[in-house]
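Please open the model in your viewer and keep the selection tool at hand. The stops below go from one selection to the next.

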Amino acid sequence: MKTLQELTRPNIWALKPYSSARDEYQGKSASVFLDANENPYNGPNNRYPDPLQWDLKKSLSRLKGVAPERIFLGNGSDEAIDLVFRAFCEPREDNVVAIEPTYGMYLVCAEINEVEYRKVLLDEHFQFSADKILNAADEHTKLIFLCSPNNPTGNDLNHSEIERLLHRFDGIVVLDEAYNDFSEQPSFLKRLDDFSNLIVLQTFSKAWGCAAIRLGMAFASADIISVLTKIKYPYNVNQLTQQQAMEMLHRYYEIERWVTTLKEERDHLEKEFLKLPCVQKVFPSNANFFLVRVTDAVQIYKYLVEEGIIVRNRHTVALCGNCLRITVGTKMENETLIRALKKY
């Protein structure tokens, strides 16, 4: 791996970050706060939140087995995705490589930051080759994006190929594990010590049922996390989000039950879809959704909308012609979907 200084944009490496009032105050407990120009009324929402979310990070550390200084919390995983572009990629000079198809925000962030985005098509099994990824890279490739389980395909990427890529690439590999809670494959969080060039993304939006609070997590070396922390906005995770996340951590066993139920419903839905005349293929999934090839994705999508049922039409996505992406809902929602498709 190149040194972190070699990978980081020179202006970011030299940047002196903004220091907020709550960054500067440390030490003894206090009851009178006259440092941050806050309104003294309407507590507790009148006070700025902890800019580094230490209490939440300490609780997450115990659950995830990752030291607090190796955790970045952001406004959804999208904030961390955008920050790695801003930290490591020089606009109009550097590039990133990603699998295709995959989560669309990698491309959007590349275009916003004027960074060349190189796509490497998955094979017919929706798997990638480390060699093909590396062949698409050059001396200006700073980042490689992988998503496992992948979106919209739903499958786990081959772990041995991920490891080969981590060993051979001299830049940073961003592994998006937004759906890992639904997979039988272990998270790469346990491998952070093995790969100093690895960033693992996770989220509260999926298994945790907290899409509305917009809380994403990035795990990496303390040095990489310090670069991301340097350039984030001062109070990027609000107090209400931090409080809700702490509450959900105390309900972890309930989350585990949700995951078990959703996996059971996913398996049941896949079997039911195989019986439908309009279905040509159901792709195996390790996420809380699955991809299905149908006779006419556009018409079936429109039909379901008229029935008050919204799925995702992926017909125009690479390798996903005539495919719909089906999110697993409650048992009642899933039965409503199947009934509607039986009438199609």
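Begin by selecting R325 and F289, where the charged end of R325 sits over the ring of F289, 5.5 Å from its centre; a charge sits over a ring if NZ of Lys or CZ of Arg is within 6 Å of the ring centre and within 35 degrees of the ring normal. This is a predicted model, in which local features need pLDDT of at least 70 and side-chain atom pairs count only at pLDDT 80 or more, while totals for chains, interfaces and linings use all residues. Residues are numbered from 1 along each chain as its sequence is written, and side-chain values use heavy atoms, with hydrogens and water left out.

Next, select K57 and W54, where the charged end of K57 lies over the ring of W54, 5.0 Å from its centre.

Now turn to pairs of rings. Rings of Phe, Tyr and Trp (its six-membered ring) pair if their centres lie within 6.5 Å, and planes under 30 degrees apart count as stacked, over 60 as edge-to-face and the rest as tilted; by this rule the count comes to eleven aromatic pairs. Select W208 and Y252, whose ring centres are 5.6 Å apart with planes at 40 degrees, so the pair is tilted. The pair links distant parts of the chain, 44 residues apart, with W208 in the loop between strand 6 (198-203) and strand 7 (215-219) and Y252 in helix 11 (residues 252-274); helices (H or I, at least four residues) and strands (E, at least two) are DSSP runs, numbered from the N terminus. W208 counts as buried at 1% relative accessibility, whereas Y252, at 25%, counts as partly exposed; buried means under 20% relative accessible area, exposed over 50%, and partly exposed in between (1.4 Å probe, protein chains only).

F290 belongs to strand 9 (residues 289-294), 17 residues from F273, and both F273 and F290 are buried.

For the last stop, select helix 5 (residues 76-88), which is mostly covered, as eleven of its 13 residues are buried, including I81, D82 and F85. Finally, show F85, Y103, Y106 and F145, which ring pairs link into a cluster.
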